[in-house]
Amino acid sequence: MYKSIRAAVVGSINMDLILNMEKVPDVGENVLGTDYGYANGGKGANQATALARLGARVKMIGKVADDTNGNKLLENLKANSIDVSGVAKNGSQTGLAAIILDGEGKNRIVVYEGANAEIDAETAVSDIGTDVDLVLLQFETNESVVIDCVNHAVKSNITTVIDCGPAKSFCLEKMQGATILSPNESETKALTGIFPDSDENVLKAARILEERSKAKYIVLKLGERGCALWDKTELTYFPAYKSNVVDTTAAGDCFTAALALEYVKSGDIKKACDIGNKAGSIAVSRMGAQGSMPTLEEILNI
C-alpha cells in the first residue's frame, strides 16, 4: 500500500530513559518509582520508524555522537530497514529524553538535545535531495534546519509535513507553503497563544496557523478528542478510536507518520486524518516509543 513511497525524515534521534511511577512528585517530595528502562526514541527517529513499519522506504537525516547510545540507536534504525546514510556520527553527545510516566499513562518529558542541536542545515538539505515523495520534520532540531529543509522541499514540490513538537515559539513566517502543519494542543498554544479547548478556540487557532504558515492543511492533534482539520474553508473533526491507554509518549509521532503516508498515497486529507487516528489509537495501547508503532495490517484491522 505504501511500499512505493520514498520518505525523508529530518529530525531528532534520542535515547529515551523511561521512569515509571504511580505519582509524579511535588516540589521537595520523594516518591518510589515502580521501574525504569531505556528505549530508542527522538521524534524524528520515532516517525522514521513509524513510516518504515507502514512499508515506506525511509531515509533518516540527523546526528548522533560516536558513543554507546548513538551506536545503539543507529543499529536499531538499520534493523527497521531505515537508510541511515544521512545520519552524522560526529556529535558532541547523543540526545537523551527523560520520560516520566504516571499511573494513568500520562507523560512529562525532559529533552537534552545534544547532537540534535548540531545538525548542519546545508547538509540536511543536500541529504534530502529532490528524489523523494515526502519530507517529514519536527521542532527537535535547530530552527534554521527546519526552515531551510521545509523551504527546499516546498520549492521542489515534495509533500512536506511539519509536526510542531515539542511546544515552542517558532517563526512560521520563514517557511511558507508546507502541505500539512500539525501541532498538538500544547504546541498550538505555544504557536498561537490559544489553547484549543473549544470549537471556537480550535477554529481561531487553526486560522492563525494557516495565516502564519500558508500551509495547505492544518491538522490539530487533540489527544483523546481525536483531531481537527482546517482546509481553509471548513473545520472537520475526526473522533479518536477507543483504546486502552498505557503510554501516550509517541502517539503524536505515529499519528503524523500515518497521516502523511496516506495523504501521499491517496491525496485524500480526510482519509489521512482517519488513518492517523487509527494509528495513534494503537500506539497509546503499548509501552515505549518506537516499539509501539503499528504495522499497516494492524491499522487496517480497526
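**Contacts, Pairs and Cores in a Predicted Model**

Student: Leaving aside its neighbours within four places in sequence, which residues is T160 in contact with?
Tutor: Contact here means heavy atoms within 4.5 Å. With neighbours within four places in sequence left out, T160 is in contact with V135, L137, V150, A153, V154, A178, T179 and I180.

Student: What pLDDT do local features need in this model?
Tutor: Residues are numbered from 1 along each chain as its sequence is written, and side-chain values use heavy atoms, with hydrogens and water left out. The model is predicted: totals for chains, interfaces and linings use all residues, side-chain atom pairs count only at pLDDT 80 or more, and local features need a pLDDT of at least 70.

Student: Is T160 buried or exposed?
Tutor: T160 is found in strand β9, where strands (E, at least two residues) and helices (H or I, at least four) are DSSP runs numbered from the N terminus. Buried means under 20% relative accessible area, exposed means over 50%, and partly exposed lies in between (1.4 Å probe, protein chains only). T160 has a relative accessible area of 0%, so the residue is buried.

Student: How does the pair of F139 and F170 count, as stacked or edge-to-face?
Tutor: A search of the whole structure finds two aromatic pairs, and one of them joins F139 and F170, with 4.0 Å centre to centre and 5° between the planes. Rings of Phe, Tyr and Trp (its six-membered ring) pair if their centres lie within 6.5 Å; planes over 60 degrees apart count as edge-to-face, those under 30 as stacked, and the rest as tilted. The pair of F139 and F170 is therefore stacked.

Student: How many residues apart are F139 and F170?
Tutor: F139 lies in the loop between β8 (134-137) and α4 (143-155), and F170 in the loop between β9 (159-163) and β10 (180-182). Both residues, F139 and F170, are buried. The pair links distant parts of the chain, its members being 31 residues apart.

Student: Which kind of aromatic pair do the rings of Y217 and Y263 form?
Tutor: The ring centres of Y217 and Y263 are 5.7 Å apart and the planes stand at 70°, so the pair is edge-to-face. The two lie in distant parts of the chain, Y217 in strand β11 (residues 217-221) and Y263 in helix α7 (residues 251-266). Relative accessibility is 13% for Y217, which counts as buried, and 9% for Y263, which counts as buried too. The kind of pair asked for is edge-to-face.

Student: How far apart are the closest N and O atoms of K78 and E75?
Tutor: A salt bridge is a side-chain nitrogen of Lys or Arg within 4 Å of a carboxyl oxygen of Asp or Glu. K78 and E75 are three residues apart in helix α2 (residues 68-79), and so about one helical turn separates them. K78, at 44% relative accessibility, counts as partly exposed, as does E75 at 49%. In their salt bridge, the closest N and O atoms are apart by 3.4 Å.

Student: Which residue forms a salt bridge with E173?
Tutor: The closest N and O atoms of the bridge between E173 and R212 are 2.7 Å apart. The pair links distant parts of the chain, 39 residues apart, with E173 in the loop between β9 and β10 and R212 in helix α6 (residues 199-213).

Student: Which residues have the most contacts inside the largest nonpolar core?
Tutor: A nonpolar core is a set of buried Ala, Val, Leu, Ile, Met, Phe, Trp, Tyr and Cys residues joined through side-chain atoms within 4.5 Å. The largest has 51 residues, and α7 gives the most to this core, with eight residues. Apart from it lies another core of 36 residues, among them V150, A178, A206 and L222. Inside the largest core, the residues with the most contacts are L51, V219 and I269.

Student: How many residues of helix α1 are buried?
Tutor: Helix α1 (residues 43-53) is mostly covered; its buried residues include K43, N46 and L51. Just after α1, G55 takes a positive phi of about 110°. The buried residues of α1 number 10 of 11.
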